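User: I would like to go through this model one question at a time, with the cut-offs behind each term made plain.

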Amino acid sequence: MKNILVVVTNVSKYPNQERATGLWLGEAVHFVDEVEKEGYKIDYVSPKGGFTPIDPHSLEADQMTELDWNYYSNNEFLTKLGTTLSADEINPKDYDAIYYTGGHGVMWDFPEDEKLQSIASAIHENGGIVSAVCHGSVGLLNIKNAEGNYLIADKKVAGFANTEEIALGLDKAVPFLTEDELVNRGANYVKGDDWAAFAVADNRVVTGQNPASGAAVAKKVIELLKSAQ
């Protein structure tokens, strides 16, 4: 049995404006569905533990697929999101991969969370996979390897594109642009077409560009997990 740790935000509101945020539902659902179909076990963790809010914009009709509705109607799944583990409760040795979900809320609680960084670094050092999608890639910004270097330096990495953030009109609402900061950490930023599914794997770091990319990230993670068996 392979265990995968899914990281979600605790942030429910933009600190600088009257706008709700939280987990972008589809970014959890489409990843989780792929890996659970393969028999992998999922645990959910957040920086503080407990409740993760769901971004209401991710629940709008044009964002929801039948799969999203199935999960959103599943009380067991929603209960897990309401009772996430805290980083203090996690033993990295229990997990073969970690996956950072997105939603704009993560911009305020993922990058500086040293406990989550330590967990992710240990999973990678143990031969596991570090993965993320969309804004969740900001969770990778400050992860360092055993040598003290940024994990994403010199690796191909995807994340929410500047052009996508600007198209939403939220480029001035976030504390920084995901693409810019990935580049600032030495990553080789890569992308596909705006809003299209795109994922890339580089030395057990798997990242996806936008909300459409959760399943694409999952498939690359599964491929790596199977190749390691």
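User: In which strand is the place of S86?

Analyst: This is a predicted model, in which local features need pLDDT of at least 70 and side-chain atom pairs count only at pLDDT 80 or more, while totals for chains, interfaces and linings use all residues. Residues are numbered from 1 along each chain as its sequence is written, and side-chain values use heavy atoms, with hydrogens and water left out. Strands are DSSP runs of E with at least two residues, and helices are runs of H or I with at least four, both numbered from the N terminus. On that basis S86 belongs to strand β3 (residues 85-86).

User: Is S86 buried or exposed?

Analyst: Buried means under 20% relative accessible area, exposed over 50%, and partly exposed in between, with a 1.4 Å probe and protein chains only. Beyond its neighbours within four places in sequence, S86 is in contact (heavy atoms within 4.5 Å) with V45, S46, K48 and G49. Because its relative accessible area is 11%, S86 is classed as buried.

User: Which residue in β5 does Y100 stand opposite?

Analyst: Strand β4 (residues 97-100) has A97 and Y99 pointing one way and I98 and Y100 the other, all of them buried. Strand β1 (residues 3-7) pairs with β4 in the parallel sense over 4 bridges, and I4 has A97 as its bridge partner there. Strand β5 (residues 129-133) also runs parallel to β4, joined by 4 bridges. In β5, the residue opposite Y100 is A132.

User: How many Å apart are the end C-alpha atoms of helix α5?

Analyst: The expected span of a helix is 1.5 Å times one less than its number of residues. For the 12 residues of α5 (residues 114-125) the span should therefore be 16 Å, and the end C-alpha atoms agree with this, being apart by 16 Å.

User: Which elements are included in what covers the buried residues of α5?

Analyst: The buried residues of α5 include L116, I119, A120 and I123. Among the elements that cover the buried residues of α5 are β1, β2 (41-46), β4, β5 and β9 (205-208).

Conventions: Two strands pair if DSSP finds at least two bridges between them.
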